Amino acid sequence: MDLLNTLVDKGLRRELPTREEALAVLATSDDDLLDVVAAAGKVRRQWFGRRVKLNYLVNLKSGLCPEDCSYCSQRLGSTAGILKYTWLKPDEASQAAAAGLAGGAKRVCLVASGRGPTDRDVDRVSETIKTIKDQNEGVEVCACLGLLSDGQAERLREAGADAYNHNLNTSEATYEEITTTHTYADRVDTVQKAHAAGLSACSGLIAGMGETDEDLVDVVFSLRELDPDSVPVNFLIPFEGTPLAKEWNLTPQRCLRILAMVRFVCPDVEVRIAGGREVHLRTMQPLALHLANSIFLGDYLTSEGQAGKADLEMIADAGFEVEGAGEVTLPEHRAAAGQGGCGSHEGGAGCGSHESAGCGSVCGSHEGADACGTAAVPAAAAEPRTDLVAVRRRGAGTDLAPNA
């Protein structure tokens, strides 16, 4: 297929596809799916080999969020029966992190519900970061605390944070349909604050909220322009008790096409399969490792994930290997620069620029267009798999051992 040959060539050169090419990936048929995976897999292996980075979530403060993000089980007005608790103490958070690190995770993601941290919250998280780093040599720590105020990113960096996550989630054009208590611009501003403070920026999306292919391409192109080092791809977990509980729009094939599109647009960036892979990819999860080079291990913020042991077996059975603590995740040209665009050129146009380009952790995790870019009717998903949506009842905030 000429399209895939072109995309592979561009990915190996770190060149941005056109918007029409990205849309065309999402519009490919199931008959062509393995060809799409194989093509994107060539780009993935060029920059990341067969390594899979493991990340582990610790929910520092769960539930009772004043924001109204429609996808979130911790949102204002949610009746989802999730765990609710206030801030974990530093030692409690470190103990929770240790379980994931023992399972092979090299990055711990510290997440707290809420609009954004107070300065006292930053002090609290800074102490937690220091405790985890003192007790676990070589661990990476990413914070995800919501919208940042001036100076807070710098304070987290001084405390030892390596990265900051804040997801764009969906396109700017449809953002206000998902959330009304803050804006898309607020999210962009926080990612930029993290960048400016010297933190590795982590920003991604949520698929399956009723968006079109054009929305998906818009948000991924916007992410490329923001220049994150890692892009988490979440698949909506439709929690009962949230406004999007009835949104079951994804099939395993659809998820694979989305991951392939993200890989082609962001060829040399850590693409992470995040919340919802067990719910929507299901038995196709091993194929997704040919597209993404990073996953979360075990459970998520408010939902249960696949058992950590099963994750490790899946990685080995698929012919991949867990990335070691001493290995550098990013390709040399990005790691050496400390930044450098989601597929940026060395001597070419700026990140995300192209003549036709146009255009963090999910609480509770936490179709289409044709080649011409016109919105198409989504393919019908299978029957809702509500049996796969399970509230987390172990790990952080409980007395039970975590699933790691």
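Arg-107 is found in strand E2, which spans residues 107-112, where helices (H or I, at least four residues) and strands (E, at least two) are DSSP runs, numbered from the N terminus. The model is predicted, so local features need pLDDT of at least 70 and side-chain atom pairs count only at pLDDT 80 or more, while totals for chains, interfaces and linings use all residues. Residues are numbered from 1 along each chain as its sequence is written, and side-chain values use heavy atoms, with hydrogens and water left out.

With a relative accessible area of 6%, Arg-107 is buried; the word buried stands for under 20% relative accessible area, exposed for over 50%, and partly exposed for what lies in between (1.4 Å probe, protein chains only). The side chains of Arg-107 and Glu-140 are joined by a polar contact of 2.9 Å, a term for a pair of N or O atoms within 3.5 Å, of which, within protein, one must be able to donate a hydrogen and the other to accept it, and for which residues adjacent in sequence count only if both atoms are side-chain atoms. Once its neighbours within four places in sequence are left aside, Arg-107 is in contact with residues including Lys-53, Tyr-56, Glu-140, Ala-163 and Arg-272, contact being defined as heavy atoms within 4.5 Å.

## The largest pocket

Rolling a probe the size of a water molecule over the atoms shows where empty space is left. The search uses a 1 Å grid over the protein atoms alone: a cavity is a set of points where a 1.4 Å probe fits but cannot get out, a pocket is an open set with protein on both sides within 12 Å along at least five of seven lines, and lining residues have an atom within 4 Å of a point. Grid points are joined across faces, edges and corners, and a volume is the space filled by probe spheres set on the points.

The volume of the largest pocket is about 420 Å³. It is lined by 23 residues, and those closest to its centre are Arg-107, Asp-162, Ser-200, Asp-229 and Leu-330. Strand E5 (200-202) and helix H14 (332-337) are the elements that give two or more residues to this lining. Sorted by class, the lining has six nonpolar, seven polar and 10 charged residues, where Ala, Val, Leu, Ile, Met, Phe, Trp, Tyr, Cys and Pro count as nonpolar, Asp, Glu, Lys and Arg as charged, and the others, Gly among them, as polar.

## The second largest cavity

The second largest cavity holds about 100 Å³ of space. Of its 14 lining residues, Tyr-56, Leu-57, Tyr-300, Arg-392 and Ala-396 are the closest to the centre. Strand E1 (residues 51-61) supplies the largest share of this lining, four residues, and the lining as a whole divides into eight nonpolar, three polar and three charged residues.

## Nonpolar cores

In soluble globular proteins, nonpolar side chains tend to be buried together. In this model the largest nonpolar core has 95 residues, and Val-58, Leu-156, Leu-205, Phe-235, Leu-259, Met-261 and Phe-264 are those with the most contacts inside it; such a core is a set of buried Ala, Val, Leu, Ile, Met, Phe, Trp, Tyr and Cys residues joined through side-chain atoms within 4.5 Å. Helix H10 (residues 252-265) gives the most to this core, with nine residues. Apart from this core lies another, of 10 residues, among them Val-111, Ala-163, Phe-296 and Tyr-300.

Beyond its neighbours within four places in sequence, Phe-264 is in contact with residues including Leu-4, Pro-17, Val-25, Val-36 and Val-43.

## Covered helices

Helix H2 (residues 19-26) is mostly covered, since seven of its eight residues are buried, including Arg-19, Glu-21 and Val-25. The cover over these buried residues includes helix H1 (2-12), helix H3 (33-48), helix H9 (213-226) and H10.

Gly-41 lies in helix H3 and, at 0% relative accessibility, counts as buried.

## Two residues with positive phi

Most residues other than glycine have a negative phi, and most peptide bonds are trans. Asp-227, which is not a glycine, has a positive phi of about 70°; Asp-227 is found in the loop between H9 and E7 and is buried, with a relative accessible area of 13%. Arg-282, also not a glycine, has a positive phi of about 50°; Arg-282 lies in the loop between helix H11 (277-280) and helix H12 (285-288) and, at 22% relative accessibility, counts as partly exposed.
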